[in-house]
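Here are my notes for a first look at this model. Please keep the structure open while reading; the points go from a pocket to the strands and helices around it.

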Amino acid sequence: MSYNKLIDHTLLKQDATPEQIVKLCEEAKKFDFMSVCVNPAYVPLAASVLKGSDVKVCTVIGFPLGMNLTRTKVDEAALCIQQGASEIDMVINVGMLKAHEDEYVKEEIKLLKAVAGKLVLKVIIETCLLTDEEKVRACHLAKEAGADFVKTSTGFSTGGATVHDVKLMRETVGPEMGVKASGGVRTHEDLLAMVEAGANRIGTSNGTKII
């Protein structure tokens, strides 16, 4: 089986240069990955390099903390889509989830989905900071808000994707929603374990090595 189209080929480091983003895009075209995942500032560059290919431009909103004003997240997503992004990975406000401010969390996701429209919206819940109860609640909120995927991690906090979390997320959202495992997926074996657990998208900076 080909796993190429499961992979979001990712470079989100703070010191990533334009030259490195171009290389990322060229690799994504060569290996026929699903998307490149880049910070908002590099969306126009990635869109120009990938023009004419079937590799999508994915970007991150409210990254990596999720603590931006909702209005800021909405405006950032809208501008990124205008500049060529076709998938949006947003970070929830984890503190609000922990405070049981569920309506706040759900409404923010709904607003982002309204901006994304038919484009794919993935919701990063940052599993390493959550209890299992909070992970389940976050997944339910994302589903109720109309998101397309739930995603484990930013890769910038205290941990990344685990088999346990992916299984739990898949059980919670059911078969009709996507689950993206991100953070710490470095080998072919890691990828297979995440797919087995229920992931149908993988965020990794090691895509070329894995394939």
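1. A pocket here is an open set of grid points where a 1.4 Å probe fits, with protein on both sides within 12 Å along at least five of seven lines. The model is predicted. Its largest pocket has a volume of about 390 Å³. The lining is made up of 21 residues. Closest to the centre are T154, G155, G183, G184 and S205. β1, β7 and β8 each give two or more residues to that lining.

2. Take G155 next. G155 sits in the loop that runs between β6 (149-151) and α7 (163-173). Is G155 buried, exposed or partly exposed? Buried means under 20% relative accessible area and exposed means over 50%. G155 has 46% relative accessibility, so it counts as partly exposed.

3. What does G155 touch, beyond its neighbours within four places in sequence? The contacts are E126 and G183. G183 is also among the residues closest to the pocket centre. G203 is 48 residues from G155 in sequence, yet the two C-alpha atoms are 9.3 Å apart in space.

4. Now the strands. Eight of them form a closed barrel, in the order β1-β2-β3-β4-β5-β6-β7-β8, and the pairing is parallel. From one strand to the next, the twist averages 25 degrees. Strands of a sheet pair through backbone hydrogen bonds.

5. β7 (residues 178-182) and β8 (residues 201-204) are joined in the parallel sense by three bridges. Within this pair, A181 has I202 of β8 as its bridge partner. On the helix side, α7 lies across β6 and β7. The angle between α7 and β7 is about 165 degrees.

6. Helix α8 covers residues 188-197. Which of its residues are buried? They are L191, M194 and A197. Seen down the axis of α8, these buried residues fall within an arc of 130 degrees, so they line one face of the helix. An α-helix has 3.6 residues a turn, so residues three or four places apart point the same way.

7. The other side of α8 carries E189 and E196, both exposed. What covers the buried residues of α8? The cover includes β1 (7-11), α7, β7, β8 and α9 (207-210). Just after α8 comes G198, with a positive phi of about 130 degrees.

Definitions and conventions. Residues are numbered from 1 along each chain as its sequence is written. This is a predicted model: local features need pLDDT of at least 70, side-chain atom pairs count only at pLDDT 80 or more; totals for chains, interfaces and linings use all residues. Side-chain values use heavy atoms; hydrogens and water are left out. Helices (H or I, at least four residues) and strands (E, at least two) are DSSP runs, numbered from the N terminus. Buried means under 20% relative accessible area, exposed over 50%, partly exposed in between (1.4 Å probe, protein chains only). Contact means heavy atoms within 4.5 Å. Two strands pair if DSSP finds at least two bridges between them. Axes are lines fitted to C-alpha atoms, for helices over the stretch in contact, and angles run from 0 to 180 degrees between N-to-C directions. The arc is that of the directions from the helix axis to the C-beta atoms. On a 1 Å grid over the protein atoms alone, a cavity is a set of points where a 1.4 Å probe fits but cannot get out, and a pocket is an open set with protein on both sides within 12 Å along at least five of seven lines; lining residues have an atom within 4 Å of a point. Grid points are joined across faces, edges and corners, and a volume is the space filled by probe spheres set on the points.
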